[in-house]
Amino acid sequence: MSVWEYEAEHWVRWARTPDFDSYWRYRDAFFDEVVPAAGMRTIDIGCGEGRVSRDLAERGHRVVGLDLSETLARAAAEADPISAYAAGDAASLPFSHGAFDIAVAYNSIQNVLDLGGAVREAARVLAPGGRLCICMTHPMTDAGRFESEEDGAAFVIREPYLEERWLDETFERDGLTMRFVGPAHPLEDYARALEDAGFLIELIREPAMPRPRDPSDARWQGIPMFMFVRAVKANAPPPPS
């Protein structure tokens, strides 16, 4: 059983508590600046319980959501009868070549065990000129921690940033608990995966936290919590290395 299947019920409660986590503050910048206008069809890779898919649908996208956890894919379908949902592996998408013109991976690409395979599959199911839109925990943030929750606290890198690492953290807040487990990569790993799959990077953004509410939030005005990336599928395969 995957960790996300084991944590599925926890994640449903966590993700569906309004204004609870950082998603509610970062999502508008991601949708407004990174995701193109709705086109033919959009795939939400690693859709979880479906909040990204529902927000995409509200913006006019015809969405297909996919998640490794059957429980989460089922919860997404129950909350959204308009879009389509399926359980499956990001590294082996059950869709035909060129079936989508937009692929979204919101805080899911950093969790896959086969990064290269997942990015190649995203390229395969996108039509030429299609866009892959990614939000990920900033690779640098995964390697360090603030020394305290005070505004102005130093951010200290204690882990070997240039090596792939394994994260396993449990967070508790306001009676909710969630365990996050997965690999942590340097930025170069993501760039190489995109290059190898024939993508060209169009934009990279490191947004400061919108609407900071307290001193602990204000720390994220100077250190990026997330990174946004948009890449386009080139019409021709990349040249041999």
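Thr177 lies in strand β9, residues 176-184, where strands are DSSP runs of E of at least two residues and helices are runs of H or I of at least four, numbered from the N terminus. This is a predicted model, in which local features need pLDDT of at least 70 and side-chain atom pairs count only at pLDDT 80 or more, while totals for chains, interfaces and linings use all residues. Residues are numbered from 1 along each chain as its sequence is written, and side-chain values use heavy atoms, with hydrogens and water left out.

Thr177 counts as partly exposed because its relative accessibility is 30%; buried means under 20% relative accessible area, exposed over 50%, and partly exposed in between, with a 1.4 Å probe and protein chains only. Leaving aside neighbours within four places in sequence, Thr177 is in contact with His10, Trp14, Thr170, Phe171 and Glu172, contact meaning heavy atoms within 4.5 Å.

The count of salt bridges comes to 14, each being a side-chain nitrogen of Lys or Arg within 4 Å of a carboxyl oxygen of Asp or Glu. Three of these pairs are listed here.

| Salt bridge | N to O distance |
|---|---|
| Asp217 and Arg25 | 2.7 Å |
| Glu169 and Arg145 | 2.3 Å |
| Arg230 and Glu202 | 2.7 Å |

Arg230 lies in strand β11 (residues 226-233) and Glu202 in strand β10 (residues 199-205), so this pair ties together parts 28 residues apart in sequence. Arg230 is buried, with a relative accessible area of 18%, whereas Glu202 at 34% counts as partly exposed. Salt bridges that share partners also join Arg16, Glu49 and Arg54 into one network.
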